[in-house]
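The exercises below are to be worked with the sequence and the model side by side. Each task is followed by a solution in steps.

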Amino acid sequence: MNVNHAPAGTEEYQPVFTGKTLEQLNTILARYPTKQAALLPALWLVQEERGWISDRSMTEVAEVLGITPAYVKGVVTFYTMYHQHPVGRNFVQVCTTSPCNICGAEDVVKALLKETGAGDLGATSPDGKWTVIEVECLGACGFATPVLINDDFIESVTPEKVPEIVQRYR
Amino acid sequence: MGYPHKPHARETVVLSKHFGDADAKSYKGWVKRGGYDALQKAFGMDPAAVVEEMKASGLGGRGGAGFPTGLKWSFMPKEKKKAHYLCVNADESEPGTFKDREIMRWTPHALLEGTAIAAYSIRAEVAYIYIRGEFTEPLAVMEQALAEANQAGVFKDKVKIYLHRGAGAYICGEETALMNSIEGKRGNPRIKPPFPAAAGVFGMPTTINNVETLAAVPHILKQGAAWYKAMCLSNPKSTGTKLFSVCGHVQRPGNYEVTMGFPLKDLLYEMCGGVGPGRTLKACIPGGSSVPILTREETEATLLDYEGVVERGSMLGSGGVIVFDDTTDMVYQIMRLAKFYAHESCAQCTQCREGTAWTVKIMERILAGQGKMQDLDLLLDLSDNMTGKTICVLSDSCAAPVVSGIKKFKNEFEAYITGKRRPVAAD
């Protein structure tokens with residue numbers, strides 16, 4: 001795995017697991033009989049700290065948990081919620097699976113892409129503030145269309161409500 | 001429907017009694033409502049006696065399979081030689097299902113209490129509650145509730161409960177995939193046997209239960225197996241109450257709790273207000289997207305219990321009811337469901353990895369007006385190869401709506417193939 005494209009010593013990597021974050025990880029490690037079991041929680045900690053999970057961070061996680069960087073990458077790529085590249089400051093996930101689809105989810109996506117300026121699915125708006133993606137079932141089908149903006153779960157979104165919602169996060 | 005809401009007169013509220021009542025979320029509020037009495041009662045009983053009580057109640061697993069809970073618990077080794085674990089499946093991701101989310105949001109202590117009772121009964125010292133990554137609010141509520149319960153020392157050091165957050169993978173709702181995920185691995189389902197009671201999470205004897213199942217446990221222990229078993233409107237094998245999540249084309253979507261054996265027709269038309277004005281019901285998926293689609297006639301004749309739904313050609317599953325009215329393009333929606341499974345396939349088994357992807361491609365071709373009549377046979381042949389041939393049932397779940405869809409709504413497929421219907425571009 002290419003973890004460091006720059007010549008040795010020219011890139012400064014600040015470890016994630018120091019101070020408070022290291023303490024959090026140690027608390028988590030005590031919950032499981034193996035170190036590896038802390039992998040998903042450790043990756044969440046990295047994403048909370050850095051906004052995404054770089055190859056270098058995966059190597060750090062591997063070192064801390066005593067597994068290989070390749071193994072960590074295999075896990076990161078399996079789970080859709082881990083970002084392998086930077087995303088907009090506001091990360092928007094819209095459910096478009098059947099139950100929401102028949103209630104107009106695709107129009108909500110269009111409205112969000114337009115209003116945020118993100119333009120295309122998965123792309124980040126020029127101001128770096130917005131990334132909008134379609135996701136499969138968010139588990140709130142009775143409250144179509146659910147939208148997850150960062151950690152905020154917003155129910156019953158319609159295209160008409162989109163401008164006001166986007167305004168709140170500007 | 002959002003909360004608080006007044007339950008419908010025909011609901012039997014047991015699990016949902018405190019939905020919408022913010023005070024019930026706190027430890028103090030829960031205790032005030034009789035919470036944790038059942039746990040203290042369990043601690044005074046022999047674990048085997050608690051298992052017997054569950055067996056006698058007839059409680060079946062509410063995650064989808066309906067396997068008898070007491071029987072499942074009794075599979076754990078009688079003689080304890082290794083660590084035992086309890087895993088709680090809160091990875092609710094089945095399209096159409098949103099009941100566990102409400103249980104965790106409004107009655108987190110009901111789940112914690114049920115979890116502690118189950119762990120005690122199977123003699124597990126540790127229980128992991130696996131909550132799907134997207135459930136940010138339920139996770140926060142559960143964290144707060146767990147901290148309060150630990151502070152109060154209600155588990156008396158007999159059981160430790162930990163929350164484990166998923167990271168976006170439908171397949172982790174499959175029990176062995178969930179265990180792999182807890183172990184810090186990719187969520188690939190495991191070949192069974194060995195079954196979890198012999199070798200589960202960390203290779204140790206493990207029981208895994210759904211949120212709704214465990215939330216019912218304290219009520220059963222407190223009010224007795226006979227009380228629970230008496231709640232039954234049709235087949236005596238299906239007992240108790242069940243939360244049904246209704247979504248799609250109904251006037252009042254939401255969670256409704258009814259006694260097992262309740263008519264699906266009454267749930268949809270009376271409680272949910274039916275479909276929109278001037279529209280008629282076309283189809284219904286009664287148990288989450290993985291079960292066969294029912295026509296209107298079948299829907300109106302269905303009784304909601306494990307046996308009743310099977311009798312009409314589908315399954316009760318997780319109780320996620322998806323309603324489609326006459327404006328629905330069934331071909332497009334079935335393609336959309338197939339797309340869900342193609343996206344969520346863990347890609348371990350060839351039949352699933354290739355089958356789900358090709359199902360989508362063929363259906364998109366039909367939607368684009370480029371399909372042939374043979375494509376329908378091809379889809380059915382493909383679905384046949386995807387059923388009963390893989391490690392887990394994700395592949396079967398993709399085939400179910402496709403097969404039942406072609407069988408019951410063939411004219412809609414043919415309309416696209418013959419050019420009677422205008423082609424649509426699938427995003």
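**Exercise 1. Determine how many residues of strand β5 (residues 241-248) of chain B are buried, and which strands pair with β5(B).**

Solution.

Step 1. Strands here are DSSP E runs of at least two residues and helices are H or I runs of at least four, both numbered from the N terminus. A residue is called buried if 20 or more other C-beta atoms lie within 10 Å of its own, exposed if 12 or fewer, and partly exposed in between, with C-beta atoms placed from the backbone. By this count eight of the eight residues of β5(B) are buried, so the strand is largely enclosed by the rest of the structure.

Step 2. Sort the residues by face. In a regular strand the side chains alternate between the two faces of the sheet. One side of β5(B) holds B:T241, B:L243, B:S245 and B:C247, the other B:K242, B:F244, B:V246 and B:G248, and both sides are covered.

Step 3. Find the partners, where pairing requires at least two DSSP bridges between two strands. Six bridges link β5(B) in the antiparallel sense to strand β6 (residues 254-259) of chain B, with B:T241 bridged to B:T259. The two strands make a hairpin, and five residues lie between them. To strand β11 (residues 320-325) of chain B, β5(B) runs parallel, joined by four bridges; here B:G248 is the partner of B:V323.

The model is a predicted one, in which local features need pLDDT of at least 70 and side-chain atom pairs count only at pLDDT 80 or more, while totals for chains, interfaces and linings use all residues. Residues are numbered from 1 along each chain as its sequence is written, and chains are lettered from A and ligands numbered from 1 in the order in which they are written.

**Exercise 2. Identify the residues that touch the most other members of the largest nonpolar core, and list the contacts of B:L267.**

Solution.

Step 1. A nonpolar core is a set of buried Ala, Val, Leu, Ile, Met, Phe, Trp, Tyr and Cys residues joined through C-beta atoms within 7 Å. The largest one has 180 residues, and B:C87 and B:L267 touch the most other members. Helix α14 (residues 330-344) of chain B gives the most to this core, nine residues.

Step 2. Contact between two residues means that their C-beta atoms, placed from the backbone, lie within 7 Å. Leaving out residues up to four places away in sequence, B:L267 touches B:F244, B:V246, B:Y256, B:V258, B:F262, B:C272 and B:L304.

**Exercise 3. Describe the side of chain B that touches chain A.**

Solution.

Step 1. Chain B puts 47 residues into the contact and chain A 33. On the chain B side, the elements that each supply at least two residues include α7 (136-152), β3 (160-165), α8 (175-182) and β5. The most come from α14(B), with six residues.

Step 2. Classify the residues: Ala, Val, Leu, Ile, Met, Phe, Trp, Tyr, Cys and Pro are nonpolar, Asp, Glu, Lys and Arg charged, and the others, Gly among them, polar. The chain B side then divides into 17 nonpolar, 19 polar and eleven charged.

Step 3. Look at α8(B), where eight of eight residues are buried. Its buried residues pack against α2 (39-50) of chain A, and also against β1 (85-90), β2 (126-131), β3 and β4 of chain B. Just after α8(B), B:G184 has a positive phi of about 85°.

Step 4. Continue to B:R186, in the loop between α8 and β4 (206-210) of chain B. B:R186 is buried, with 20 other C-beta atoms within 10 Å. Not counting residues up to four places away in sequence, B:R186 touches A:G74, A:V75, A:F78 and B:N180.

**Exercise 4. Which residues of helix α18 (residues 410-417) of chain B are buried, and what covers them?**

Solution.

Step 1. The buried residues are B:E412, B:F413 and B:Y416. Viewed down the axis of α18(B), they fall within an arc of 100° (taken from the directions from the helix axis to the C-beta atoms), so they line one face of the helix.

Step 2. Exposed B:K410 and B:N411 lie on the face turned away from the buried side of α18(B).

Step 3. The cover over the buried residues includes α14, α15 (350-367), α16 (374-385) and α17 (394-408) of chain B. After α18(B) comes B:G419, with a positive phi near 85°.
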